[in-house]
Amino acid sequence: MIPSLETYREIAQLNEWALILPEIVLAVIALTLLVAELLLKKSRHPFISLFAILGQVAVLALVLANFWFPPQLDVSLSLFSGMISHTANGQMMRIFFLLASILVSLLANSYLEQRKLPKVEFFAILLLVTASFMLLVQSTHFVMLFICLETVTVGFYVLVSYFRSQNTSLEGGLKYLIQGALSSSLLLFGIVLLYGAGSNPGLVGNVAEPMQFDHLATFISANPSHPLVLIGALLIISGLCFKMGVVPFQIWVPDVYQGAPMPVTAFLAVASKAGGFFLLMNLIKGPFAALDAFLIPLLSVLAALSILYGNLAALGQYSPKRLIGLSGISHAGYLLMGVTAALTIPSAYSAINFYLFVYLFGSFLVFAVMQKASPDHDALHDMRDYANLYKQQPLLGMALAIGLGSLAGIPPLAGFLAKLLLFIAAFQAGLYTLLGVAIFGVVVSIYYYFGWLRTALFRPFVAPETAHTIPALTRGQLVFLIVLMTVTVLLGVYPGSIGGLLF
């Protein structure tokens, strides 16, 4: 039956384009960058990257204004025929990805210039990936979810292999492509199973639109133990676990992190993980809300395995990029512990959000130091490059200590409070065994994080005369490090200073 004209008018009335203005502006800026590269003289091209950064800052200001002074809307507004929803949590997710994108842009600006890599294409892809992330975490329909997720993934395929003259970058891009295709297949297969089950007239509570989260939640609550529902949910979670770097879908992480350019590694480590967890939380609060009896043991096992594997595998690493990748697997385990606790303790969602923001600041602080300390071929970056770091650049040594200390969970830094909140949520949820594994993981992580710091601050691997010479900090890099260090300390000592604005 062909829909009537009135039906199309009703659909059009739900299309509130102004509410996705930040994503539209980012896409317009990305296209403007490509046009400007063609029209402007080569001497003007450095201004293009500045325009991209300022454009992102303007969009962030717009989103912050809407977050702190929201228009008079419903708490949860369904848009575009149920494809996305406008919520306070979605606004916070937008802020997260815009912050990550701006920090990546600042890192990439000097990185690309030093290595004579094209800037415009990098920033254009980065903006489109960021816009896709922002739409992804607001999606309430599996079609929208899959399209946004694949846009993000394809963008990362290009960014990981962006350093085309390095075989390690191309190898990392190929590995990410192959395993990313596998994860997309799992995700799509799970969606198809849920669609088939939800539209089956022989099952209780079948719905006309089983790919829309609210409708699917109604169906799953009526059939929580049906095999198609459980297998479909399992496959969808498996596809998301790849993005989050959760065991047993973590095998790509060390190789891709090592091969990718440093700013891309930072973006992949933070944004991809956060996108997967934000999406998982949306699913658990929505269509998978009735599957707690199935999800709690499943997610608990995955969390424990991720914490153990990530921390134990990082013990013998001398490549900082691989070490960060493996430790990121353990951080995914801590976050997955929080998600498991949130199935019974809803307050755990705030702890997860806080942890992700703390992880954002701590990770970029470490990556900023890594980029400064690494040689031109950053895939060969190893611990020897940090010999006498503190003697050469005291601020870099201090920044590395604060960043790694936060990731390790050392008081009074923000990472300690973030881990403590997750541990409290796990204790309240009765996840005692998983909590014990997490505490063991924190103890192990202190060993390899402080081994890195020992090299940078106290005992070098090589003699001072043969140590890697680190260039002086520019004014912009100085401000970058000071701001991130200040935020990391403030969030640990007085979390209300910044965290109170978001949580």
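Modeller: Let's start with Ser319, which lies in the loop between helices α12 (292-314) and α13 (320-342); helices here are DSSP runs of H or I with at least four residues, strands are runs of E with at least two, and both are numbered from the N terminus. This is a predicted model, in which local features need pLDDT of at least 70 and side-chain atom pairs count only at pLDDT 80 or more, while totals for chains, interfaces and linings use all residues. Residues are numbered from 1 along each chain as its sequence is written, and side-chain values use heavy atoms, with hydrogens and water left out.

Is Ser319 buried or exposed? Ser319 counts as buried because its relative accessibility is 9%; buried means under 20% relative accessible area, exposed over 50%, and partly exposed in between, with a 1.4 Å probe and protein chains only. Setting aside neighbours within four places in sequence, Ser319 touches Gln258, His381 and Asp382, where contact means heavy atoms within 4.5 Å.

Now for the nonpolar core. The largest one has 176 residues, and Phe142, Phe288, Phe364, Leu400 and Trp452 have the most contacts inside it. Such a core is a set of buried Ala, Val, Leu, Ile, Met, Phe, Trp, Tyr and Cys residues joined through side-chain atoms within 4.5 Å. Helix α14 (residues 348-373) gives this core its largest share, 20 residues. Take Leu400 as an example: beyond four places in sequence, its contacts include Val366, Val369, Tyr386 and Trp452. In soluble globular proteins, nonpolar side chains tend to be buried together.

Rings of Phe, Tyr and Trp (its six-membered ring) pair if their centres lie within 6.5 Å; planes under 30 degrees apart count as stacked, over 60 as edge-to-face and the rest as tilted. By this rule there are 20 aromatic pairs. Another pair, Tyr448 and Tyr449, is tilted because the ring centres are 4.8 Å apart and the planes stand at 55 degrees. Tyr448 and Tyr449 are buried as well. Finally, Trp252 and Tyr257 belong to one aromatic cluster, whose members include Phe96, Phe133, Tyr176 and Phe357.
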